[in-house]
Amino acid sequence: MSTSLSTKMNYRNANQFVDTVVNGDANLYVYIGRPQPWDNESVPDVPDDSLSTEYDVWHDMTAMKRVTAQDIRLGFRRIDWTINTAYDQYDDTANLNVLDFYVYTDEGKVYKCISNNAAAESTIKPTQTTGTQVTSDGYKWKYMFTISDSLYRKFAVGDYLPIELDSTVITNAVVGSIDQLVLESAGTGYTPSALASSNTALPIYIYGDGNENATAICTITVNSGIIQGVVVTNGGVNYSNPLESNVPVMIRQIGSTGAIETAFGTATTNADNEIINVDIVLGGSGYASGTAIIIQSSCQGYAETNSIGVVTNVEISNGYAGTNFRVARATVVDASITPAIVRPIISPFRGHGASPERELLANYALVNLTFAYNEGADDFTVQNEFRRIGLIENPYAYGTTTIASAQTLNAKTTLVISNVSGTFSADDAIYGLTTGAKGIYVDTVDSTKLRFIKDDNTLSNNLDFTTEDIRSQSGATATITEVINPEVEPYSGDILFINNTVAINRASDQLETVTLVLEY
């Protein structure tokens, strides 16, 4: 049975949708419609995924407005930082979809939780705008970006926020870093804290496919495959900071069956970044007396123990998160009765912060658009309501197969009228006295242009008005002198989204802002 990476597919689909609009590969429009009431005005009809529902959308559609690159953004789930809340930490083995592993603060900043201090409650709000911060409550936060006020006002809606990009964070991301260790089993028999080195910590060697230094050469003495002693014959170059001791190293020897990497020790370096001495701590197995290589990993950690020699905490050493790891293991460099199990957590492929939209699971497309007054030369009526909002992709200009590109489109048929008697009222049925055509009145423009829609639920759509007399349900009359087609070809393009709502009133002095969230 095959399995897809659904999280990546969801992000890919959302990102692809946004990109088609931003790059101009598709023309996306927000449409409004349904001026006539629902059967129950307080409970709008629930749209279904049927063709008949799409027909209904077209029949009562009144206007469209094109979505520009400034009107669409990738979005992610909003998780507000709240004091005394325990947050999840990022984990490369976890399904992040179900974890609250990042936060949004009241300062507009977004942080990824690298460590939650063993699932403790967060009591200190992160505030930094660079790198990683360890707050006094033990949490470790990676700064991702700050959402600008303008972007927040335009796209923040309900449980969703827009993605922002911080070029400095992206540029400084470290590929394949290990910023956190997980203690899965505490082990026994380690050096108790009272007897450990001055910082009461034991070195942890982290190895895998990440960067390493392997230029120092040594001669090893072996008994039954276990290393007994190490003599440094070439100190190598570019090892740890000058004059440092207790540096975890691994001894590698090439044997007939490949590399042997089971022995670990601690090294001391000099002012020239050379290794001058190695103390073997774990002698390993399978070695032979002779030449070997002293390996220092780009990633180092340390373990803290209690008074009876049980590991109580593991951390990455400051400045030693490593690079280019895709797989990693960890060994506490100290003799024990039962070894502790320490699992390194590897960053995303490009490093923490390199791709915030992927890392924060931006599986949402946010669309924000404002209808201003009667914009589009009265394409948007201010005399009637609307109860339906949605998205349509690549509709055609009327009477063509050319994708529409105008900023606004009138979706209503217009009747040029004269000899008007009485008042046509919103949502009135109107009747052609020669053809028998029927429609629903929407509005009148400049007193001479009457616009209407058709509705399959109550009226026939198979007859069209022509130059004839008309009468409304409430008794108004007029004579049609010309029929003007809508600006959009009915039933063209793809309807992507339908939202039925309660009546939204329009007026000549107001704006309506619509924000839509599409989940992938």
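**Cores, strands and loops**

Modeller: The largest nonpolar core has 55 residues, and V30, V67, F76 and L391 touch the most other members. A nonpolar core here is a set of buried Ala, Val, Leu, Ile, Met, Phe, Trp, Tyr and Cys residues joined through side-chain atoms within 4.5 Å. Buried means under 20% relative accessible area, exposed over 50%, and partly exposed in between, with a 1.4 Å probe and protein chains only.

Biologist: Which element gives the largest share of this core?

Modeller: β21, with six residues. Strands (E, at least two residues) and helices (H or I, at least four) are DSSP runs, numbered from the N terminus.

Biologist: What does the second core include?

Modeller: That separate core has 19 residues, among them L202, A303, F325 and V332.

Biologist: Before we go on, what kind of model is this?

Modeller: It is a predicted model: local features need pLDDT of at least 70, side-chain atom pairs count only at pLDDT 80 or more, and totals for chains, interfaces and linings use all residues. Residues are numbered from 1 along each chain as its sequence is written, and side-chain values use heavy atoms, with hydrogens and water left out.

Biologist: Strands next. Which ones form the closed barrel?

Modeller: Six strands, in the order β24-β27-β26-β25-β28-β29, with antiparallel pairing. Two strands pair if DSSP finds at least two bridges between them. From one strand to the next, the twist averages 45 degrees; axes are lines fitted to C-alpha atoms, and angles run from 0 to 180 degrees between N-to-C directions.

Biologist: How many bridges join β26 to β27?

Modeller: Five, between residues 438-445 of β26 and residues 449-453 of β27. I440 has I453 in β27 as its bridge partner.

Biologist: Is L243 buried or exposed?

Modeller: L243 is exposed, because its relative accessible area is 67%.

Biologist: And where does Y373 sit?

Modeller: Y373 is in the loop between β21 (364-372) and α6 (375-378). Phi of Y373 is positive too, about 55 degrees, and Y373 counts as partly exposed at 37% relative accessibility.

Biologist: Last one: where is Y491?

Modeller: Y491 is in the loop between β29 (477-484) and β30 (494-504). Its relative accessibility is 45%, so Y491 counts as partly exposed.
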